[in-house]
Amino acid sequence: MNRIKLNLPDQFSFSTTLRIRVTDLNYGGHVGNDSFLSLIQEARQQYLLSFGYRELSVGDGVGLIMADAAIEFKKELNYGDEVKISVQATDFDKLGFDLFYKMEVMQDAEWVIAGKAKTGMMCYDYKAGKKVSVPEEVVTRLSAV
């Protein structure tokens, strides 16, 4: 069976720490795929806010919409675990870009990779209901490391 293998950027310009809540756990007693996506969504929101953006507003009536997502799980995450999620934008094209996420868990006083993820983000005009070009300012600001 082929597995997804994500190659993370060498550097990340943003990171945040979160604690795993009981509501993040699935029937197996660990973080499920849906909660993993919710955790990276929170990190994405914080990343965008650090630039003064919001997911529905990155300038001039342009918002973002997720076109795809990939997750590579490395370690189980459990209730109370402290995780650090790093975020970096890459691979800009006319309509969008990729966001990479590195999720690490604190184990034995060091950060260990618990998972990797990528979301393909497209620029979208929600009022017109159509894809639009990435504003140049967004490319400049988000591509900085």
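**Strand 5 and its partners**

Colleague: Which residue in strand 5 is the bridge partner of Phe-73?

Modeller: Gly-115 is the bridge partner of Phe-73. Keep in mind that this is a predicted model.

Colleague: And how does strand 2 pair with strand 5, parallel or antiparallel?

Modeller: Antiparallel, over ten bridges; strand 2 covers residues 63-73.

Colleague: How many bridges are there between strand 4 and strand 5?

Modeller: Twelve, and that pairing is antiparallel as well. Strand 4 spans residues 96-107, and its Met-103 has Gly-115 as bridge partner.

Colleague: What about strand 6, how many bridges does it have to strand 5?

Modeller: Two bridges, with the strands running antiparallel; strand 6 is residues 130-131. Lys-130 in strand 6 stands opposite Asp-125. The hairpin there has four residues between the strands, and Gly-129 takes a positive phi near 70°.

Colleague: Different topic. Where does Thr-119 sit?

Modeller: Thr-119 is in strand 5, which runs over residues 110-125.

Colleague: Buried or exposed, and why call Thr-119 that?

Modeller: Thr-119 is called buried because its relative accessible area is 0%, and the cut-off for buried is under 20%.

Colleague: Which side chain makes a polar contact with the Thr-119 side chain?

Modeller: That of Tyr-101, at 2.8 Å.

Colleague: What else does Thr-119 touch?

Modeller: Leaving out residues up to four places away in sequence, its contacts include Ile-40, Arg-44, Met-66, Asp-68 and Phe-97.

How values were computed
Residues numbered from 1 in each chain as written. Predicted model: local features only at pLDDT ≥ 70, side-chain atom pairs only at ≥ 80, totals over all residues. Heavy atoms only, no water. Buried < 20%, exposed > 50% of the residue type's maximum accessible area, 1.4 Å probe, protein only. Polar contact = N/O pair within 3.5 Å; in protein donor to acceptor, adjacent residues only side chain to side chain. Contact = heavy atoms within 4.5 Å. Pairing = 2+ DSSP bridges.
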